[in-house]
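This report is written for a reader who has the sequence and coordinates at hand. Please consult both while reading.

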Amino acid sequence: MSAPAPATPSVGTGARVLEFTDVARQFPDGTVALEGVDLTIDRGEFVTVVGPSGCGKSTLLRIASGLDAASAGTARVEAQRIGYVFQDATLLPWRSVRKNVELLAELHGMSKTATHQAALDAIELVGLRGHEKKLPRALSGGMKMRASLARSLTLDPDLFLFDEPFGALDEITRERLNDELIRLFVAKGFGALFITHSVSEAVYMSTRVLVMSGRPGRVVDSFEVPFGTDRTPELRFTPEFAKLAGEVSHALREGHS
Amino acid sequence: MTATLPGQTTPSEETAVTSTLESPTAEAVATGTAPAPVVRRRRGRRAVGLVLPVTVFAALIGVWYAITYLVLDPGRRFLMPAPHTLITDALLDPTITDKVWPALGRSIVVTFAGLAIAIVIGMLWAIAMSQSKAVESSLYPYAVALQCIPILALVPLIGFWFGFGFPSRVIVCVMIALFPIVSNTLFGIQSVDRGHHELFTLHRAGRFTRLLKLQLPAALPAIFAGFRISAGLSVVGAIVGDLFFKQGEPGLGILLSNFSSRLQGAPLFFTIVVTAALGFAVFFLFGWLSKLVVGSWYDQSRDR
């Protein structure tokens, strides 16, 4: 967030939420994590970034969220509210599911009643009804991620950042959460920047797939995903899906070598 | 491909051969013999869990009796009076218990006053250090000094400055009990998960919010571990202060000193047992409190 957000942002479907121009990030030790990254995301766009480990995917997210700053170029974040779902659910172990979901609303100074309501709605949305009083240790990995997702949803973000959120989950849970996230995306119409190392997940989830290469991290290829928003698991077994996944995979290998 | 194929097949062939060879024994182990030893071992463990402590305790009492009646001359048995005389000559003797129970009460007051002050000062000290590296590097050496300087060396000075009454006893307690609270609270606050910190940074949580909603709750298990150590030390502080100052209303320390100088073996041993019981009670009180506060969410197994 090197540039301040404009005073009167136009937030509606299609509004620009993120604009990176020639963004680079060099760490103090000299490592170039990102170089020449151009990226725009509008509301209603689901952009997925695939790339090998250590290619700067997470740095991209950290810059978008303001946790890190670009060392060159402009990273303009026009979203008013940002949701960030970490690799780890990062739930506070001493808080119940409901209290965890309420945390961000609390931090943003929302009123008690608004906080309660937002948390209830979000818990309903991610399908955690009936688990509100449980502590995180009593939840499965998938349920923890749902709680983490619900926590961000309470803020009704324009821009959602996902840092390999389902990487640690088993395949069935992961695919189910993929579908639920698509459903949320369709319902809410936020802009999303989703990091993953799974090509299949990338193609399945997004409206656009970016392929990154490592050291220095740069975007080497971009694919528009032609499938509509009504995606079902069967999509993964269609020839069109396989073809696109193949192309993304190929680009990934090209960039990697 | 041709090079890797033989390498890949040999291990699977090997496992196939060994599995067919061992399958009858493996089955037998799985169905017949295996569960029995497991159950036996578990029951055995439970029995050992009870039998062994009782045996050890009985053995210690036995050794005690042996020393009293076999080693010591009748005239020197006050050095180690037989266990039952603690009851007959102390617990059931009103002239003794009229001294011990009020002394116990006074020592309890000193212990808890010292502990409470140590908790307040220690936590504030640690919180101040957690908020800035500069504060930490200016204040931590004194916490360490508190731990390294033998407090006993300072006890005369404390009496010299603050008199030999209640306040001095409490100050000794505080000085002895302070360090574990400071170091554990600081350690707890500094071990907060980085991801949690980033979550709070991302949502622009202020210093105070971060402390209240993240750092202190996350540090609670460590803080309670500190309380537990300090609780025991606080009892030591109460006794030491009392033992040294020897003035004013007697606590357990003065009684210990009096009984020993009058060679009253049974009352002395009885008072020692009472003092030990106080230490245990305070330690377990904080163990119980810790379980109550953080037991539901804190995974103790990480600690063991």
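## Basis and confidence

This is a predicted model, in which local features need pLDDT of at least 70, side-chain atom pairs count only at pLDDT 80 or more, and totals for chains, interfaces and linings use all residues. Residues are numbered from 1 along each chain as its sequence is written, while chains are lettered from A and ligands numbered from 1 in the order in which they are written.

Chain A has a mean pLDDT of 86, with 94% of its residues at 70 or more; pLDDT is the predictor's confidence in each residue, from 0 to 100. Residues 1-12 of chain A have a pLDDT below 50, and this stretch has 17 contacts in the model beyond near neighbours in sequence. Two residues are in contact if their C-beta atoms, placed from the backbone, lie within 7 Å. Where pLDDT is low, the predicted coordinates should not be read in detail.

## Domains of chain A

Chain A is divided into domain 1 (27-80 + 158-257) and domain 2 (92-157), with bounds from an automatic or database domain assignment. Taken over C-alpha atoms, the domain centres are 25 Å apart. Domain 1 of chain A gives 13 residues to the contact and domain 2 of chain A gives 7 residues.

On the side of domain 1 of chain A that touches domain 2 of chain A, strand 6 (159-163) and helix 5 (171-188) of chain A each give two or more residues. Helices (H or I, at least four residues) and strands (E, at least two) are DSSP runs, numbered from the N terminus. Helix 5 of chain A provides the largest share of that side, 4 residues. The side comprises 10 nonpolar, 1 polar and 2 charged residues, where Ala, Val, Leu, Ile, Met, Phe, Trp, Tyr, Cys and Pro count as nonpolar, Asp, Glu, Lys and Arg as charged, and the others, Gly among them, as polar.

## Contact between the chains

Between the chains, 13 residues of chain B are in contact with 14 residues of chain A. Helix 8 (194-202) and helix 9 of chain B each supply at least two residues of the chain B side, and the largest share, 6 residues, comes from helix 8 of chain B. This side of chain B has 5 nonpolar, 6 polar and 2 charged residues.

## Helix packing in chain B

Helix 9 (residues 207-245) and helix 11 (residues 265-294) of chain B have axes that come within 9 Å and cross at roughly 165 degrees. Axes are lines fitted to C-alpha atoms, for helices over the stretch in contact, and angles run from 0 to 180 degrees between N-to-C directions. Helix 9 of chain B is therefore roughly antiparallel to helix 11 of chain B (angles under 35 degrees count as roughly parallel, over 145 as roughly antiparallel, 65 to 115 as roughly perpendicular and the rest as oblique). The contact residues include B:Phe224 and B:Phe227 of helix 9 of chain B, and B:Phe283 and B:Phe286 of helix 11 of chain B. By class, the residues of this contact are 14 nonpolar, 6 polar and 1 charged.

Helix 3 (residues 83-91) of chain B packs with helix 11 of chain B at about 100 degrees, with the axes 8 Å apart, so the two helices are roughly perpendicular. Among the residues in contact are B:Leu86 of helix 3 of chain B and B:Phe270 of helix 11 of chain B. This contact has 8 nonpolar, 1 polar and 1 charged residues.
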